[in-house]
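Open the model in your viewer and keep the sequence panel beside it. This tour goes stop by stop, with something to select at each one.

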Amino acid sequence: MELENYKNIRDYVWKTLIGGKVKSLPVDLFELCRNLSRKPKVKINLYNYTYGFNMDLITPQMVKGKVAFTTKIFNEVYIFYNDNIYPNARVRYAIAHEIGHLVLKHNYKKSMMTVKEREAEANKFAILLLAPAIVLHCCNAIKTNDIMMICDISYSAAKIRAKSMATYEELNKYDTLALEREVHKAFQEFIDDYNNKY
Ligand SMILES: [Zn+2]
């Protein structure tokens, strides 16, 4: 992924954390969607489809082999997820990935990107959203196991994040951008509590 592209996704993640009023880890995706839905024209509903829904609106092809998927019903966005999937971290990642598609407006610029590029972007968005570097840094949770626990993400996702964190720690350029500082501020209470506990 090109650096410019990465920075673009990272900025969208920071704006999503701020707009979603996220203040603690693990990121509460339900609260995030509720808060994002306060903006006009945006309404994101998270729906566990294993509980049943008006199934006329969901075709078996939409569900097949998917942990989560997004569809628009009466102008509202529905992210359906399968809560029977184990572990829960996989479901969380899939929901964050779907939020990524929405925030990055992949549905509007379909023609400009390949499916592979879109999926890579949504995956990047998901990991940056669920494991924000500034918070991990301030909590000194930079190793795989700590990241897995604090973010409620899978071991494999945490391992990838730990690798990135090692690079960020070396660069040590935290808090240089306004958006990141804003995220830091929102998480300050959580960071203080975490550091008092561990
Ligand atoms: Zn996708």
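**Stop 1: Helix H1**

Select Ile-9, Tyr-12, Val-13, Trp-14, Thr-16 and Leu-17: these are the buried residues of H1. Buried means that 20 or more other C-beta atoms lie within 10 Å of a residue's own; exposed means 12 or fewer, partly exposed is in between, and C-beta atoms are placed from the backbone. This is a predicted model, where local features need pLDDT of at least 70, side-chain atom pairs count only at pLDDT 80 or more, and totals for chains, interfaces and linings use all residues. Residues are numbered from 1 along each chain as its sequence is written.

Now show all of H1. The helix has 17 residues and reaches 24 Å from its first C-alpha to its last, close to the 24 Å expected at 1.5 Å a residue. That expected span is 1.5 Å times one less than the number of residues. Helices (H or I, at least four residues) and strands (E, at least two) are DSSP runs, numbered from the N terminus.

What covers the buried residues of H1? The cover includes helix H4 (88-103), helix H5 (115-130) and H9. Keep these helices on screen.

**Stop 2: Leu-17**

Zoom in on Leu-17, in helix H1. Why does Leu-17 count as buried? Because 24 other C-beta atoms lie within 10 Å. Leaving out residues up to four places away in sequence, Leu-17 touches Val-22, Leu-129, Pro-132 and Val-183. Touching here is contact: two C-beta atoms, placed from the backbone, within 7 Å.

Next, draw a distance from the C-alpha of Leu-17 to that of Asn-84. These two are 67 residues apart along the chain, and the C-alpha separation is 27 Å.

**Stop 3: H1 against H9**

Two packed helices are described by the angle between their axes and the distance between the axes. Select residues 3-19 (H1) and 178-197 (H9): the two helices pack at about 35°, with axes 9 Å apart. Axes are lines fitted to C-alpha atoms, for helices over the stretch in contact, and angles run from 0 to 180 degrees between N-to-C directions.

Which residues make the contact? From H1 come Asp-11, Trp-14, Lys-15, Leu-17 and Ile-18; from H9 come Leu-179, Glu-180, Glu-182, Val-183 and Ala-186. Colour them by class: six are nonpolar, none polar and four charged. Ala, Val, Leu, Ile, Met, Phe, Trp, Tyr, Cys and Pro count as nonpolar, Asp, Glu, Lys and Arg as charged, and the others, Gly among them, as polar.

H1 passes H9 in a left-handed crossing. Left-handed means the near helix is turned anticlockwise from the far one by less than a right angle; right-handed means clockwise.

**Stop 4: H4 against H5**

Move to H4 and H5. Their angle is about 115°, and their axes are 8 Å apart. On the H4 side, pick Arg-92, Tyr-93, Ala-96, His-97, Gly-100, His-101 and Val-103; on the H5 side, pick Glu-121, Ala-122, Asn-123, Phe-125, Ala-126, Leu-129 and Leu-130. The contact divides into eight nonpolar, four polar and two charged residues. H4 passes H5 in a right-handed crossing.

**Stop 5: Loops and backbone**

Most residues other than glycine have a negative phi, and most peptide bonds are trans. Select Lys-21, in the loop between H1 and H2. Its phi is near 55°, a positive value. Lys-21 is partly exposed, with 14 other C-beta atoms within 10 Å.

Step along to Pro-26, in the loop between H1 and helix H2 (29-36). The peptide bond from Leu-25 to Pro-26 is cis, with omega near -10°.

Then jump to Asp-175, in the loop between H8 and H9. Phi of Asp-175 is also positive, near 65°.

**Stop 6: Helix H7**

Select residues 144-151. The buried residues of H7 are Ile-147, Met-148, Ile-150 and Cys-151. Their cover includes H5, helix H6 (133-138) and helix H8 (155-171). Just after H7, Asp-152 has a positive phi of about 50°.

**Stop 7: The whole chain**

Zoom out. The protein has nine helices and three strands. Its C-alpha trace spans about 50 × 35 × 30 Å along the principal axes. Buried residues make up 32% of the 198 residues.
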